[in-house]
Amino acid sequence: TIPFSNSSLPALLLLYRIEEAERRQQRELTMKLAAAVIALAASASAFSRSATFSRGIATAASTATVSSPTQLFSDKPDDEDEEEGMDLNLEEMFDMFDAADKGEGFDEAVKKIKSE
């Protein structure tokens, strides 16, 4: 009860192969389109503005009084006591490194080096 004769079988096989080739081309086109969309989205995110980070402030953008995030983080709060750096020459620096290697305490090493 097959409605096709043996002579129409090659024609049906040819139609099937043509349809299969069209489906393969459609899949390739869809994959290329998806890859292009992903590449476009990735390149667009590379040029987008980065998130502003805050130091415990609710929102840096709403509470900041400076014009750029770089200024916000480079400014030091007024209430913090600023420690002064140690003015050491090269020899004194190496003495500090040697003292640290020997396990001496920091304050003891500073007193020892400054007294010399």
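Biologist: Why are phenylalanine 94 and phenylalanine 97 said to be separated by about one helical turn?

Modeller: Phenylalanine 94 and phenylalanine 97 are 3 residues apart in helix 4, and therefore about one helical turn separates them. Helices here are DSSP runs (H or I, at least four residues), strands are runs of E with at least two residues, and both are numbered from the N terminus. This is a predicted model, in which local features need pLDDT of at least 70 and side-chain atom pairs count only at pLDDT 80 or more, while totals for chains, interfaces and linings use all residues. Residues are numbered from 1 along each chain as its sequence is written, and side-chain values use heavy atoms, with hydrogens and water left out.

Biologist: What makes phenylalanine 94 and phenylalanine 97 an edge-to-face aromatic pair?

Modeller: Rings of Phe, Tyr and Trp (its six-membered ring) pair if their centres lie within 6.5 Å; planes under 30 degrees apart count as stacked, over 60 as edge-to-face and the rest as tilted. The rings of phenylalanine 94 and phenylalanine 97 are 6.2 Å apart, centre to centre, with 75° between the planes, and the pair is edge-to-face. The structure holds 1 aromatic pair.

Biologist: Why is phenylalanine 94 called partly exposed, and why does phenylalanine 97 count as exposed?

Modeller: Buried means under 20% relative accessible area, exposed over 50%, and partly exposed in between (1.4 Å probe, protein chains only). Phenylalanine 94 has 47%, so this residue is partly exposed. Phenylalanine 97 has 53% and therefore counts as exposed.

Biologist: Which class do glutamate 91 and glutamate 92 fall into, buried or exposed, and why?

Modeller: Glutamate 91 lies in helix 4 and counts as exposed because its relative accessibility is 59%. Glutamate 92, also found in helix 4, has 18% and so counts as buried. Beyond its neighbours within four places in sequence, glutamate 92 is in contact (heavy atoms within 4.5 Å) with Asp87, Ile113 and Lys114. Buried residues make up 7% of the 116 residues in the chain.

Biologist: How do you know how helix 4 and helix 5 lie relative to each other?

Modeller: Two packed helices are described by the angle between their axes and the distance between the axes. The axes of helix 4 (residues 90-102) and helix 5 (residues 106-115) come within 10 Å and cross at roughly 145°. Such axes are lines fitted to C-alpha atoms, for helices over the stretch in contact, and angles run from 0 to 180 degrees between N-to-C directions. Glu92, Asp95, Met96 and Ala99 of helix 4 make the contact with Phe106, Ala109, Val110, Ile113 and Lys114 of helix 5.

Biologist: What is the pattern of the chain, read along the sequence?

Modeller: The pattern is α-α-α-α-α, with 5 helices and 0 strands in the chain.
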